[in-house]
Amino acid sequence: AIGFINGQWIPVEQAVLPIDERGHNFGDGVYEVIRVYQGVPFKMREHLERLLKSAEAILLKLPYTIEELEALIAEGLAKTELQEAAVYMQITRGIATRVHLFPDVPASTTMTIRPAADIPSNVREAGINVTLVEDERWKNCYIKSLNLLPNVIAKQKAKDQGFYEAVFVRDGIVLEGSSCNIFLVKDGVLITPPANRFILHGITRATLLDIASSLQIPVEEKEFGPDLLLSADEAFLTSTSMEVMPIIAVDNQPIGTGKPGEISLKLHAHYRDSYKRVGV
Ligand code: PMP
């Protein structure tokens, strides 16, 4: 594993962040997580373009171009020699005495590159039980901001109650998990909530939609409530680190057959193929 802060590569354990860092004082920043398969960052350009979009949305100017960020990631990967890795990149509004107004200082960039923490195969094979929770987040969830308090609390409460993930519901509409997007399959149609301001526009979500189209699986991006989820034939979560995670129950009520669904597994197999192809 390796760390990076403002132009310097360091051991990840090294204490480096000044007290007056706006990332931890205000959560005033944005981030990305990129999975590296067989030494190749998967969908790196898409992730960095989303980082740029998130930064623009919070009026933060990125201190590097996308090409420079790509080069930095490549440099770090070469140093770690990791083949299966997770890149975490964070850009904040910099280091300055704590006042709310934007400081006139450069943005601050930190990054870690660590061995990927893969989901145990028995968890994925069994599928997961999720719980629906009221969404208490703000209305700009398309921004990948550092403010994850509602997500962190929802995930912990879900785990404490024996669930794998919390799924946010706002005004009767199912939106996404605390760190992932959600899909269901009903009568052969793949359905996922639309990419509006109430969800993060997941890179894995977009990849899955592409794969589904290439497999001629009908796709609908539309709002749905808990009723449709509970009566679905299949459901699954997607994220960079989870890939495709079959949901077998929602609040202990079985979905479909109560086992990972056929279409979910097929989509995951094709997702694996797509990153294997970029790796060779
Ligand atoms: N929604 C939320 C709230 C997330 O935190 C994440 C993961 N960062 C996702 C969706 C999935 O996004 P991606 O597929 O780009 O990892």
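Modeller: What follows takes the labels one by one, for what is a predicted model.

Colleague: What makes Leu59 exposed or buried?

Modeller: Leu59 has 8 C-beta neighbours inside 10 Å. Exposed means 12 or fewer. Therefore Leu59 counts as exposed. Leu59 is found in the loop between α2 (44-57) and α3 (66-80).

Colleague: What is the phi of Leu59?

Modeller: Phi of Leu59 is near 60°, a positive value in a residue other than glycine. Most residues other than glycine have a negative phi.

Colleague: And how do you know whether Glu243 is buried or exposed?

Modeller: Glu243 has 22 other C-beta atoms within 10 Å. Buried needs 20 or more. So Glu243 is buried. Glu243 lies in strand β14 (residues 243-250). Its phi is positive too, about 60°, although Glu243 is not a glycine.

Colleague: Which residues does Glu243 touch, leaving out those up to four places away in sequence?

Modeller: Thr204, His268 and Tyr271. The cut-off for contact is 7 Å between C-beta atoms. As for Glu70, Glu243 is 173 residues from it in sequence and 22 Å from it in space, C-alpha to C-alpha.

Colleague: Why are β10 and β11 called a pair?

Modeller: Pairing takes at least two bridges. Strand β10 (residues 180-186) and strand β11 (residues 189-192) have 3, in the antiparallel sense. So they count as paired. In one of the bridges, Lys186 has Val189 of β11 as its partner. The two strands form a hairpin with 2 residues between them. Asp187, in that turn, has a positive phi of about 50°.

Colleague: In which sense does β11 pair with β12?

Modeller: Parallel, over 3 bridges, with β12 covering residues 219-221. Leu190 has Val219 as its bridge partner in β12. From β11 the chain crosses through helix α6 (residues 203-214) to β12. This β-α-β crossover is right-handed.

Colleague: What makes that crossover right-handed?

Modeller: Point the strands away from you, and the path from the first strand over the helix to the second must run clockwise. The crossover from β11 through α6 to β12 is right-handed, so its path runs clockwise in that view.

Colleague: How do β9 and its partners meet the bridge cut-off?

Modeller: The cut-off is at least two bridges. Strand β8 (residues 165-170) and β9 pair in the antiparallel sense over 4. Val167 has Gly177 of β9 as its bridge partner. β9 and β10 run antiparallel and are joined by 2 bridges. So both pairs qualify. Across the second pair, Glu176 stands opposite Asn181 in β10. Both pairs form hairpins with 2 residues between the strands. In the β8-β9 turn, Asp171 has a positive phi of about 50°.

Colleague: Why is strand β9 called mostly covered?

Modeller: A residue is buried at 20 or more C-beta neighbours. In strand β9 (residues 173-177), 4 of the 5 residues are buried. So the strand is mostly covered.

Colleague: Why do β2 and β4 count as edges of their sheet?

Modeller: The sheet is open, with 6 strands in the order β2-β1-β6-β5-β3-β4 and antiparallel pairing. β2 (8-10) and β4 (40-41) each have a single partner strand, so one side of each is left without a neighbour in the sheet. For β2, 3 bridges join it to strand β1 (residues 2-5). Ile5 has Gln8 as its bridge partner in β2.

Colleague: Which residues have the most contacts inside the largest nonpolar core?

Modeller: Val130, Ala166, Phe183, Ala235 and Ile247, in a core of 41 residues. Apart from it lies another core, of 19 residues, among them Val30, Met44, Ala55 and Met111. In soluble globular proteins, nonpolar side chains tend to be buried together.

Colleague: What surrounds the ligand?

Modeller: 13 residues, the closest being Leu200, Gly202, Ile203, Thr204 and Thr240. β10, α6 and β13 (234-239) are the elements that give two or more residues to this shell. The largest share, 3 residues, comes from α6. By class, the shell has 4 nonpolar, 7 polar and 2 charged residues.

Conventions:
Residues are numbered from 1 along each chain as its sequence is written. This is a predicted model: local features need pLDDT of at least 70, side-chain atom pairs count only at pLDDT 80 or more; totals for chains, interfaces and linings use all residues. A residue is near a molecule or strand if its C-beta atom, placed from the backbone, lies within 6 Å of it. Ala, Val, Leu, Ile, Met, Phe, Trp, Tyr, Cys and Pro count as nonpolar, Asp, Glu, Lys and Arg as charged, and the others, Gly among them, as polar. A nonpolar core is a set of buried Ala, Val, Leu, Ile, Met, Phe, Trp, Tyr and Cys residues joined through C-beta atoms within 7 Å. Two residues are in contact if their C-beta atoms, placed from the backbone, lie within 7 Å.
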